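Subject: Handover of a structure and the findings from it

Dear colleague,

I am pleased to hand over the structure shown below. Please keep it open while reading, as the findings that follow are set out region by region.

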Amino acid sequence: AVGSTTPPHSLHWCDDPGGRMQIDLLTGDWSSEDGMALRIDLGHNGVPCVSDQHGWSALIGPPGPGQWRHAAHGTRVLELRLRDWNTLELQGTRPLRRSSAELRPSGLVVVGPATRKGSCGGQGCGFCRLGIIERRQDAAMIRTRQGESIAEWGPCVARVLSVSLTSITRELQAVWGVPALPARLRVELLGEGPAREDNDSAPLQKDVPPCLAKLNPSQLRAVEAACDRDEGFTLVWGPPGTGKSSTLLALINALHLREYERLHRAIEEIVLGDSSEGTGRRWNAAIRRAPRLLVTASSNAAIDSLMDRVTERGFQDRHGNMYDPWGMIRVGTAHKGACREFDLDARVKALLSKSGKEVEDRLREIQGAQRALQEQVSRLQDEVRRLRNTMPLPLGWEVRIAAQGGKLEFHDHINKRATWRQPPHPTPGAPRAHLLKMPHAVERLGALIQCADQWWVLQGQEARLRMVSSRETMTDPELRAKLEGSFLGNAHVVFATLNSAARLRPSAAKNEPFGVIVVDEAAQATEP
């Protein structure tokens, strides 16, 4: 910004005990929506001069009635005045806005003598001091650091820096506060010693899931760093054009897959375990291991864009099959696209609009579906146990459950024969076939995972309908808060801005905690 061709603002000393300088607010570049552009500089003897993009220029006279100023050259006449620090009014046309960096209280400027020549050859390019813009009635003042004396410079100019003093202050406070952080968090932030150089030739994991197959080595390492840890956090940084958006989508897919595979393993432990004691309790505990991801960003636009891409492309499992992540919720204002379908407020409103009869009818349907699901789970568990009890089989053998009658079939793929009789177990040390290599066992375990998903959904729906059916016992805000908490607790993936994420706090203690939190555009975040 300092070396740009934007004209600097002219300054003049004022009667101020703090040694402040006042900005000449007329100077700068101005433009309107219809394409008109003007530049105002200080000419000879400090008289302002206006020019346009076609080469016309004229001196600007002093303020007259209503603070209007007159500028004329040839047949063209302008009547202009300042409406505020960043708006220039012209009689007979639309107002012009300051097209260079706008002047704001607490904004930063660099100040230098008007006579100094910089590398670009223009007036005031060699800047020497940093200043802060302050408001004094309607005037814009510049204050430099206390104790600095620049009065001997004479005429001065300043360029506005396109940065926010508030943001810089927050960043400085964060840096200054690092020594006071807990030692563990400080290590997570800064590491233990010199950072490792990124080496694209470093070995990567061999078992890369299909959702990460299109990433380059550095992107893959970033995703693996995030997925390979159960605590702390991972910072993924990259300049523009390095594929952060595609890496982020792959990361969310990989994290969801990792969390989902934990649910798979919990179900397998129940079904394949030697004991059936406490199966119902263990089943409910396993279901609560469903994926819990919170995806956040600093703006609604970023969240909507990210959620649209997730719903449009879907996820890939470890075998390359596409699946749609269910149980998604959008917290906050969904502006467009698929996000409206998952809007939390819309879902709460739709549920509250149901009549008492509709609620009771839906409750009976859910209870019937739960009974049918329990029967299906019992049947699948029994079939998997029957298959498990035949293990181990000699290598090359497969056990199936006949479609008619449910008897066990044993297929010898080496000799290409089938029998109802179970072959002898292999001798110790001999090659053997395991249960998870049996297609019928894998198929039933997959069906049990789907049952767990359905059970999770039905439990949430039943709980919310019972809340609505007892609405007379609570106030409307209480009911809405409980419904919101239930939707959020039942969701696999929650999308929210950092500001809207505060709505999760009232129900956080009652719901399963998030296993992973993803913050997109984290460097733009201002919320603590």
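A residue counts as exposed when its relative accessible area is over 50%, as buried when that area is under 20%, and as partly exposed in between. By this rule Gln67 is exposed, because its relative accessible area is 54%. Please note that the model is predicted.

**The chain as a whole**

The chain has 528 residues, of which 40% count as buried. It contains 11 helices and 25 strands. Among the contacts with a separation of 6 or more, 59% are made by residues 24 or more positions apart.

**The sheet of eight strands**

In what order do the strands of the open sheet of eight stand? The order is β6-β5-β4-β3-β10-β9-β8-β7, and the pairing is antiparallel. At the edges stand β6 (57-59) and β7 (69-73); each has a single partner strand, so one side of each is left without a neighbour in the sheet. From one strand to the next, the twist averages 25 degrees.

Within this order, β3 (residues 28-31) and β10 (residues 96-98) are antiparallel and are joined by two bridges.

**Strands β11, β12 and β13**

Strand β12 (residues 129-136) pairs with two strands that should be read together. With β11 (residues 108-113), the pairing is antiparallel and runs over four bridges; here Leu108 stands opposite Ile132 of β12. With β13 (residues 139-144), the pairing of β12 is again antiparallel and runs over six bridges. In that pair, Ile133 stands opposite Ile142 of β13.

**Helices α4 and α9**

Two packed helices are described by the angle between their axes and the distance between the axes. The axes of α4 (residues 244-272) and α9 (residues 439-469) come within 10 Å and cross at roughly 115 degrees. Angles of 65 to 115 degrees count as roughly perpendicular, and α4 is therefore roughly perpendicular to α9. The crossing of these two helices, α4 and α9, is right-handed.

Which residues of α4 and α9 meet? From α4 come Tyr260, Leu263, His264, Ile267, Glu268 and Val271, and from α9 come Leu445, Leu448, Ile449, Ala452 and Asp453. By class, the contact of α4 with α9 has eight nonpolar residues, one polar residue and two charged residues.

Helix α4 also holds Thr247. Is Thr247 buried or exposed? Thr247 is buried, because its relative accessible area is 6%. Leaving aside residues up to four places away in sequence, Thr247 touches Leu215, Gln219 and Val223.

**Helices α7 and α10**

Helix α7 (residues 344-352) packs against helix α10 (residues 476-490) at an angle of about 120 degrees, with the axes 10 Å apart. This angle makes α7 oblique to α10. The crossing of α7 and α10 is right-handed.

On the side of α7, the residues of this contact are Leu344, Asp345, Arg347, Val348, Leu351 and Leu352; on the side of α10, they are Asp476, Leu479, Arg480, Leu483, Glu484, Phe487 and Leu488. By class, the contact of α7 with α10 divides into eight nonpolar, no polar and five charged residues.

**Backbone details**

Two further places in the backbone deserve a look.

- The peptide bond from Met391 to Pro392 is cis, with omega near -5 degrees. Pro392 has its place in the loop between α8 (356-388) and β19 (393-394).
- Glu521 has a phi near 50 degrees, a positive value in a residue other than glycine. Glu521 is found in the segment after β25 (516-519), and counts as partly exposed because its relative accessibility is 32%.

Yours sincerely,

A colleague

Methods
Residues numbered from 1 in each chain as written. Predicted model: local features only at pLDDT ≥ 70, side-chain atom pairs only at ≥ 80, totals over all residues. Heavy atoms only, no water. Axes fitted to C-alpha atoms, helices over the stretch in contact; angles between N-to-C directions. Parallel < 35°, antiparallel > 145°, perpendicular 65-115°, else oblique. Left-handed = near helix turned anticlockwise from the far one by under 90°. Contact = heavy atoms within 4.5 Å. Nonpolar A, V, L, I, M, F, W, Y, C, P; charged D, E, K, R; others polar. Pairing = 2+ DSSP bridges. Buried < 20%, exposed > 50% of the residue type's maximum accessible area, 1.4 Å probe, protein only.
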